[in-house]
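Please keep the sequence and the structure in view while reading.

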Amino acid sequence: MKIKTERCEIIKSNNRELKKSIDTKADKPFELPSVKLSAGQNVEDYMPAIKALFAHLMKMESSIDDMIFEIKVADQLAGYVRLVNIFGDKPELQVALLPMYWGQGYASEVLEVTIPYLFEEFGFEEMIWHVNPNNKASVKLALKLGAFFDEESTKAVGSIIETYIFKKQ
């Protein structure tokens, strides 16, 4: 699956191929980025952040009930959309972008096409999206895209999340 928007490509990814692609560019194992990211840096400067962004996905590579879509901007990896628990009653949507792409409408652009595609292609009735309530942009985006607030809960690690539900139109 490949969807093109005005500025992005959304590509269904094979977890193992994605891991191999990242590993071939790695000069050391995954680690959290220690560089401060800014839009003027060369994309190679973002490799530590890209590795960190996908590190937790690699732990799930053998899972058959999740799906990953790479987000590319100008042929460069910008983030991902992940759908977890696709065989459950409420699949969970996860979205992550590298910081250099925040606040520019990329998440909105990607989700405006990805959410309807997922409902149509897989016949889901609902999808959930857990959002950090301090991430006002994601809360606003969830509501803009038609989700409704379901509940606030506390994760095992103590952080508070809000759950938003998207329903098939």
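Which residue of S4 is the bridge partner of Ile71? The partner is Gly79. The model is a predicted one, in which local features need pLDDT of at least 70 and side-chain atom pairs count only at pLDDT 80 or more, while totals for chains, interfaces and linings use all residues. Residues are numbered from 1 along each chain as its sequence is written, and side-chain values use heavy atoms, with hydrogens and water left out.

Two strands are said to pair if DSSP finds at least two bridges between them. Helices (H or I, at least four residues) and strands (E, at least two) are DSSP runs, numbered from the N terminus. Strand S3 covers residues 66-73, and seven of its eight residues are buried, so S3 is largely enclosed by the rest of the structure. Buried here means under 20% relative accessible area, exposed means over 50%, and partly exposed lies in between (1.4 Å probe, protein chains only).

S3 and S4 form a hairpin with two residues between them. Ala74 lies in this loop and is exposed, at 67% relative accessibility. Asp75 lies in the loop between S3 and S4 as well, and its relative accessible area of 61% makes it exposed. Most residues other than glycine have a negative phi. Ala74, however, has a positive phi of about 50 degrees, and phi of Asp75 is also positive, near 65 degrees.

Helix H3 comprises the 17 residues 106-122; at 1.5 Å a residue it should span 24 Å, and its end C-alpha atoms are 24 Å apart, which agrees. The expected span is 1.5 Å times one less than the number of residues. The buried residues of H3 include Tyr106, Leu111, Thr114 and Phe119. After H3 comes Gly123, with a positive phi near 70 degrees.

Thr114 of H3 is buried because its relative accessibility is 0%. A polar atom of its side chain lies 2.7 Å from the backbone oxygen of Val110. Apart from neighbours within four places in sequence, Thr114 is in contact (heavy atoms within 4.5 Å) with Ile10 and Val81. Ile10 is located in strand S2 (residues 8-13) and is buried, with a relative accessible area of 0%. Ile10 and Leu111 are 101 residues apart in sequence, yet their C-alpha atoms are 9.8 Å apart in space.

The chain as a whole has four helices and eight strands, in the order β-β-α-α-β-β-β-α-β-α-β-β. Of its 169 residues, 43% count as buried. Among contacts with a separation of 6 or more, 53% join residues 24 or more positions apart.

The largest pocket has a volume of about 1,000 Å³. Of the 32 residues that line this pocket, the closest to its centre are Val95, Ala96, Trp129, Asn135 and Ser138. A pocket is an open set of points on a 1 Å grid over the protein atoms alone, where a 1.4 Å probe fits, with protein on both sides within 12 Å along at least five of seven lines; lining residues have an atom within 4 Å of a point. Strand S5 (92-97) gives the most to the lining, with six residues. H3 is also among the elements that each supply at least two lining residues.

Conventions. Polar contact = N/O pair within 3.5 Å; in protein donor to acceptor, adjacent residues only side chain to side chain. Points joined across faces, edges and corners; volume = space filled by probe spheres on them.
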